[in-house]
Amino acid sequence: MKRLATLLVVVAVLASFLAGCAAPTPEVVEKEIVVEKPVVETVVVEKEKIVEKPVVETVVVEKEVVVEREVLVTPTPEPFKPKGEMVIALTTEIDTVERSNSSERNAINASLQMYDTLLTAPWYGPVEPGLAESWEISEDGTEYIFHLRKDVTFHNGDPFTAEDVVFS
């Protein structure tokens, strides 16, 4: 008896679950709407006389209506965002923050966080674009032409130009 009751409950739960998964069937609603709008029909009776008479038109509109169930969506929580400031300890003091003027690794690591370069050279692959979108090398390898990104500005809002590259 207990088994039969359990079996009936399981069958009822499965049936309700499967019924909820079924695709909604479209419901066709037919409704006749009489639209009365004045439509002017021009009839020429004589050469100079024009008579206007109103026309009443009946239009049948068919529209397919699909009845859907409401689906509740649980919002995903916002991802973790760190707060405050991060302090990094270095083994020695850096000698400068100008990367081009230093050979010390700690200074280079610090300057990488502050400056963008024309190109980047990752440890694991080929040279990649940075502030330069692309570049060309002359046949003899003595000249490089860099095509700079247009969407770059300095912290004060000034645009990034070729003169800035020459200066630095």
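Okay, quick definition before anything else: buried is under 20% relative accessible area, exposed is over 50%, and partly exposed is in between, using a 1.4 Å probe and protein chains only. By that scale Tyr144 is partly exposed, at 48%.

Now, what you see above is a predicted model, where local features need pLDDT of at least 70, side-chain atom pairs count only at pLDDT 80 or more, and totals for chains, interfaces and linings use all residues. Residues are numbered from 1 along each chain as its sequence is written, and side-chain values use heavy atoms, with hydrogens and water left out.

Let's do rings. Two aromatic pairs turn up across the whole structure; ring centres of Phe, Tyr or Trp (its six-membered ring) must lie within 6.5 Å, with planes under 30 degrees apart called stacked, over 60 edge-to-face, and the rest tilted. Tyr144 and Phe146 are stacked, 6.3 Å centre to centre with 15° between the planes. Phe154 and Phe160 go edge-to-face, at 6.3 Å and 65°. Phe154 is partly exposed at 37%, while Phe160 is buried at 13%.

Phe160 also sits in the largest nonpolar core, along with Leu131, Ala132, Leu148 and Val152. Such a core is a set of buried Ala, Val, Leu, Ile, Met, Phe, Trp, Tyr and Cys residues joined through side-chain atoms within 4.5 Å.

Last, charges. There are two salt bridges, meaning a Lys or Arg side-chain nitrogen within 4 Å of an Asp or Glu carboxyl oxygen. Glu78 meets Lys81 at 3.2 Å, N to O, and both residues are exposed. Asp151 pairs with Arg149 at 3.1 Å; Asp151 is exposed at 58%, Arg149 partly exposed at 30%.
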